[in-house]
Amino acid sequence: MVLRYLNLFYSIFKYSLARDMEYKTNFIGSLFVDAIYYLSWYFFFEVIYSKTSVLGDFDREAILVFLIATFFADTLFMMLFDGAGQLREHIRTGSLDFILLRPVNSQFLISFRYIRSYALVSIFVLSVILYNILSLFHPNALNIINIVMFIISIFMGTVIWYCFEFLTSCLTFYFRDFRTGGWLTHEIMKFSMRPDSIYQGFMRKILFSILPMALVASVPSRLLMYGLSTQNQKYFVAQIIIVLILLSLTRILWKVGLKRYESAQSYTGPVI
Amino acid sequence: MLVWFKKYSSILRASIITALEYKANSVVGLFAILSGLLIEYLIWSMIYSSQSSAYTIDGWTFNRLIAYIFLSMIIGQLKSSWVTAHEMIMQIRQGFMNQYLVKPLSFFSYHLMNFIGTNILYYIPYAILIFIAPIIFKDLIFINFVQVPFFILAVIISIYLSYSIYFFMVCFAFWFGEVRALLAAYNISMFVLAGQIIPLDFFPEYYIEIINYTPIPYLIKFPVDIAMALEVDLYKWFTFIFIALIWCFIMRLLSSIVYSIGIKRYEAYGS
């Protein structure tokens with residue numbers, strides 16, 4: 001069964017790559033967007049750090065690692081889980097019919113429906129940049145344990161984003177038209193794009209539990225820079241528990257939501 | 001003129017009615033403003049809290065900075081025609097432009113009305129926020145009543161200018177089919193570079209010198225500067241309004257030229 005889904009994932013990847021190659025300008029443009037995105041946020045923190053030397057636990061060098069971790073999470077999310085955001089349109093237009101009729105797990109198919117192949121290039125570039133930053137400022141972080149923990153943690157952070165995107169998309173089953181759901185998710189995700197040390201007290205508790213955005217990029221960057229310290233072990237365990245809870249929630253909401261699905265507008269156009 | 005008004009006001013009315021069906025969207029809009037403000041508040045309060053209460057950064061006190069971010073976020077949301085631009089690209093790409101070619105409808109004006117109508121959900125809650133802003137940020141926003149009409153005018157210009165820039169980029173879909181990447185790049189970069197989350201005064205000198213030759217300062221900085229001005233300077237405001245209008249004219253002209261060339265390449269593929 002696992003092999004079957006791996007084969008399916010590979011087929012989707014090949015299809016997505018062929019589709020991306022159809023619009024080569026957009027393929028290159030997407031890389032350009034990523035570059036602009038990275039530079040804009042780098043510029044933002046440069047301006048902030050020109051006015052201060054430290055933001056909580058994150059100094060100028062640490063924030064570079066945090067930024068790369070954020071970019072990794074964002075790129076992985078865009079690459080793997082872009083389909084979760086398109087679920088809203090499938091429900092609204094009724095084109096979800098085409099996915100439900102296929103003899104595969106519908107949540108799997110809707111989530112991995114389209115893989116952004118250009119993101120592989122971005123991931124490679126980010127890896128090179130991260131390696132250089134670590135070599136320069138955190139040479140001790142370049143050990144196998146820290147790197148493996150970082151990779152696992154960043155993947156779990158991406159899954160947290162996916163779960164939030166998928167859960168808000170599933171709300172379309174109830175609201176019929178919830179196109180602003182993508183905007184809502186994006187606004188929630190913004191909390192993960194700032195280092196966790198700016199969140200204190202009640203806000204910090206919220207962002208480590210109910211809205212676990214502090215676990216997306218801050219925890220992976222802490223694991224990479226400082227290894228499995230006692231505090232980081234707690235964060236890592238919290239990440240695992242929250243990912244499991246959120247994934248279960250997506251399953252439940254998906255199954256419950258499907259019962260409300262009415263094939264809204266008898267869609268006759270192409271399947272997105 | 002009367003025919004034009006009747007035609008497009010009916011489009012505006014239709015899009016308002018559609019938008020009002022989904023009132024919950026305005027809640028998301030409010031959440032976007034308040035959550036964005038909260039994040040920036042937390043960052044800057046951490047920076048300012050390590051200093052004395054009279055501490056300023058480039059002449060900005062903490063309260064003044066938060067008031068700036070509050071206003072700039074609202075204007076940033078109001079001027080963003082990302083969704084409309086996305087729809088326009090899809091129409092060009094999927095061959096749905098025929099309706100504009102066979103009917104006496106302007107692609108530019110139709111979507112402008114659609115954009116304004118759809119955004120009506122945000123105008124109301126944001127107007128309420130701006131209305132209560134002088135109470136929260138006392139002596140920082142709208143110190144003089146004269147600022148209000150100039151601010152409204154500057155926001156209208158900002159929305160039109162932003163829409164024209166988006167439209168200009170959308171027209172490249174006639175050549176490349178898919179230009180969402182270009183729009184995304186513009187959208188992301190403007191979030192930071194137009195001063196939506198940090199005042200342009202904080203940016204390096206060379207950057208400010210460059211963008212003064214672009215329409216960027218008229219998108220967010222100009223309306224916010226009017227609302228937060230400590231003194232009424234009518235001459236300066238009229239000058240800036242004049243320059244902003246020139247930018248509107250330039251962008252409209254450029255987009256018309258690109259559109260008129262692009263539409264000749266349109267093949268109604270997929271209609």
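A residue is called buried here if 20 or more other C-beta atoms lie within 10 Å of its own, exposed if 12 or fewer, and partly exposed in between, with C-beta atoms placed from the backbone. By that count, buried residues make up 41% of the 272 residues in chain A. The model is predicted: local features need pLDDT of at least 70, side-chain atom pairs count only at pLDDT 80 or more, and totals for chains, interfaces and linings use all residues. Residues are numbered from 1 along each chain as its sequence is written, while chains are lettered from A and ligands numbered from 1 in the order in which they are written.

Chain A contains 13 helices and two strands; these are DSSP runs, numbered from the N terminus, with helices (H or I) of at least four residues and strands (E) of at least two. Its radius of gyration is 19 Å, close to the 19 Å that the globule rule gives for 272 residues, so chain A is as compact as a globular protein of that length. The radius is taken over C-alpha atoms, and the rule is 2.2 Å times the number of residues to the power 0.38. Along the principal axes, the C-alpha atoms of chain A fill a box of roughly 55 × 45 × 40 Å.

Helix 13 of chain A has 31 residues, which at 1.5 Å a residue should span 45 Å, and its end C-alpha atoms are 45 Å apart, in agreement. The expected span is 1.5 Å times one less than the number of residues. Buried residues in this helix include A:Tyr235, A:Phe236, A:Gln239 and A:Val243. Helix 6 (106–111), helix 8 (144–170) and helix 12 of chain A are among the elements that cover the buried residues of helix 13.

Helix 12 (residues 218–226) of chain A packs against helix 13 (residues 230–260) of chain A at an angle of about 145°, with their axes 10 Å apart. Axes are lines fitted to C-alpha atoms, for helices over the stretch in contact, and angles run from 0 to 180 degrees between N-to-C directions. On the helix 12 side, the contact is made by A:Val219, A:Arg222, A:Leu223 and A:Tyr226; helix 13 contributes A:Asn232, A:Tyr235, A:Phe236 and A:Gln239. Two residues are in contact if their C-beta atoms, placed from the backbone, lie within 7 Å.

Chain A also meets chain B, with 29 residues of chain A in contact with 29 residues of chain B. Helix 2 of chain A gives the most to the side of chain A that touches chain B, with 13 residues.
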